[in-house]
Amino acid sequence: MQYDVVVIGSGPGGYVGAIRCAQLGLKTAVVEKYKTFGGTCLNVGCIPSKALLDSSEHFHNAAHTFTTHGINLKDLKVDMKQMIARKDDVVAQNTAGITYLFKKNKIDSYEGVGSFVDKNTILVTKADGSTETLSAKNVIIATGSKPTALPFLPIDKKRIITSTEALNIKEVPKSMVVIGGGVIGLELGSVYARLGTKVSVVEFLPSIIGTMDAGLGKELQRVLKKTLGMEFYMGHKVTGATTKGKTVTVTAETPKGETISLEADYCIVAVGRTAYSEGLGLDKIGITVEERGKKIPVNEHLETSVKGVYAIGDVITGAMLAHKAEDEGTYVAETIAGQKPHINYNLIPGVVYTWPEVASVGATEEQLKEKGVKYKAGSFPFKASGRAKASMDTDGFIKVLADAATDEVLGVHMIGPRAADMIAEAVIAMEFRASAEDIARTCHAHPTYTEALKEAALAATDNRAIHI
């Protein structure tokens, strides 16, 4: 079969790129090695984890806050079988949606492992060993990433597990150790902590969510400890883990060089993800991946060293985020079609779906100080928000960073209720080069959580927040 574009991988980057190619009139095919579309995000990542986060949040609220609302319940218990079944149904609905969109846009799909014969020929190797070849004018590599393993800590997928296995634990563990204080570890740790599991987080760095504004990590750690009883071992270096029966023992070195041991029912290894670039036959077309992280090098147009072969998403440099991959999929499709799209990588938001949620876009205070940029900072706490008081979500704050001379917004960082949704307002404002004054002068509905962003912008412009 002859195609204008063959996409290898059907995750957020791959399926969005394929759909945009089809919209632009390009004959398009997708090669996917699994039986369902959607990649890590839809099958074992973003979507199932959010389903469990929502379920566990309902249980936690029923157990801890409903009485304050005047709702009295008794004999609360967790039905893990049903919780997992609901999560699986959510996944099934989303993956089925991709199948529908492919049919709607007349995109051909092939189940199997895609690899290069040459730059214009893709070999599809099916599960039964049979093969077929596809001819392509252009190829988009969108093979994503996989959980990073620690060489000294073998994952048995039973007691020492990754994020994938953590989505299918059939009972509420009494205890759990999470190695890694990043997004994935904190989200999954939150799921089980809400259900009653004693969760201990071991993090090598001095702060959790270390790539975000330092104030966010400090506040999130405080809240997770206060509301969920999560324990944090910061600056600790994990040295090993062993399993005996149903108990995992994790050993770590403290900042003072002492050794500690933590016992738990499960240990989740969440130390990041590694690009999934093996098995593509890249050597046959002269592409060499980076030694660290196995990333595929690309130019400013996301084209590899081989003309007509592009790579997007987790398999190239940059933040490993589904929405980054989606934007890159659209970008490459439009580039192939002869358009001149753009992506502002500085304005790709980062989100942590704990509760409170954490969201961030643009420069952090630490980055601005490092670059010597003069800036103004304004913040507003949710404890001063009428809407937050009404919903009992008063933890957290919003911080706006603006250029000291021009007042242009350089960064927005928030931790609080619905931050994942509210960050979009900041992204749009920054795309249009808004000043803090612009946000402050924009009417925000009352009472809403987004008023906190307006107040933070008022604080940044001239320290004139109204409600604090």
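This is a predicted model: local features need pLDDT of at least 70, side-chain atom pairs count only at pLDDT 80 or more; totals for chains, interfaces and linings use all residues.
1. Along the principal axes, the C-alpha atoms fill a box of roughly 65 × 60 × 45 Å. Of the 468 residues, 53% count as buried.

2. Aromatic pairs. A search of the whole structure returns two of them. One of these is formed by Tyr3 and Tyr110: the ring centres are 6.2 Å apart and the planes stand at 80 degrees, which makes the pair edge-to-face. Tyr3 belongs to strand β1 (residues 2–8) and Tyr110 to strand β3 (residues 108–111), so the contact ties together parts that are 107 residues apart in sequence.

3. Charge over a ring. The charged end of Arg159 sits over the ring of Tyr266. The distance from that charged end to the ring centre is 4.5 Å.

4. Val124. This residue is part of strand β5 (residues 121–125). Its relative accessible area is 0%, so Val124 is buried. Where does the chain bring Val124 and Gly112 in space, given that they are 12 residues apart in sequence? Their C-alpha atoms are 5.5 Å apart.

5. The second largest pocket. Its volume is about 770 Å³. The lining consists of 30 residues, and the closest to the pocket centre are Glu57, Asn61, Trp355, Met392 and Asp393. Two elements give two or more residues to this lining, namely α3 (46–64) and α7 (214–228). Helix α3 supplies the largest share, eight residues. By residue class, the lining of the second largest pocket holds 10 nonpolar, 11 polar and nine charged residues.

6. Trp355 and the cis bond. Trp355, one of the residues closest to the centre of the second largest pocket, is joined to Pro356 by a cis peptide bond with omega of about 5 degrees. Pro356 is placed in the loop between β18 (350–352) and β19 (357–362).

7. A further cis bond. The peptide bond from His446 to Pro447 is also cis, and its omega is near 0 degrees. Pro447 sits in the loop between α12 (436–440) and α13 (451–462).

8. Rolling a probe the size of a water molecule over the atoms shows where empty space is left. How many cavities of 30 Å³ or more does a search of the whole structure find? The search finds one. The largest cavity holds about 40 Å³ of space. Its lining is made up of Pro147, Ser163, Ile184, Val269, Ala270, Val271, Gly272 and Arg273. These residues divide into five nonpolar, two polar and one charged.

9. Positive phi at Lys106. Lys106 is a residue other than glycine, yet its phi is positive, near 55 degrees. Lys106 is placed in the loop between α4 (80–104) and β3. Is Lys106 buried or exposed? Its relative accessibility is 71%, and Lys106 therefore counts as exposed.

10. Positive phi at Leu302. Leu302 is not a glycine either, and its phi is about 65 degrees. The residue is found in the loop between β16 (273–275) and β17 (309–311). Leu302 has a relative accessibility of 5% and so counts as buried, whereas Lys106 counts as exposed.

Methods
Residues are numbered from 1 along each chain as its sequence is written. Side-chain values use heavy atoms; hydrogens and water are left out. Rings of Phe, Tyr and Trp (its six-membered ring) pair if their centres lie within 6.5 Å; planes under 30 degrees apart count as stacked, over 60 as edge-to-face and the rest as tilted. Helices (H or I, at least four residues) and strands (E, at least two) are DSSP runs, numbered from the N terminus. A charge sits over a ring if NZ of Lys or CZ of Arg is within 6 Å of the ring centre and within 35 degrees of the ring normal. On a 1 Å grid over the protein atoms alone, a cavity is a set of points where a 1.4 Å probe fits but cannot get out, and a pocket is an open set with protein on both sides within 12 Å along at least five of seven lines; lining residues have an atom within 4 Å of a point. Grid points are joined across faces, edges and corners, and a volume is the space filled by probe spheres set on the points. Ala, Val, Leu, Ile, Met, Phe, Trp, Tyr, Cys and Pro count as nonpolar, Asp, Glu, Lys and Arg as charged, and the others, Gly among them, as polar. Buried means under 20% relative accessible area, exposed over 50%, partly exposed in between (1.4 Å probe, protein chains only).
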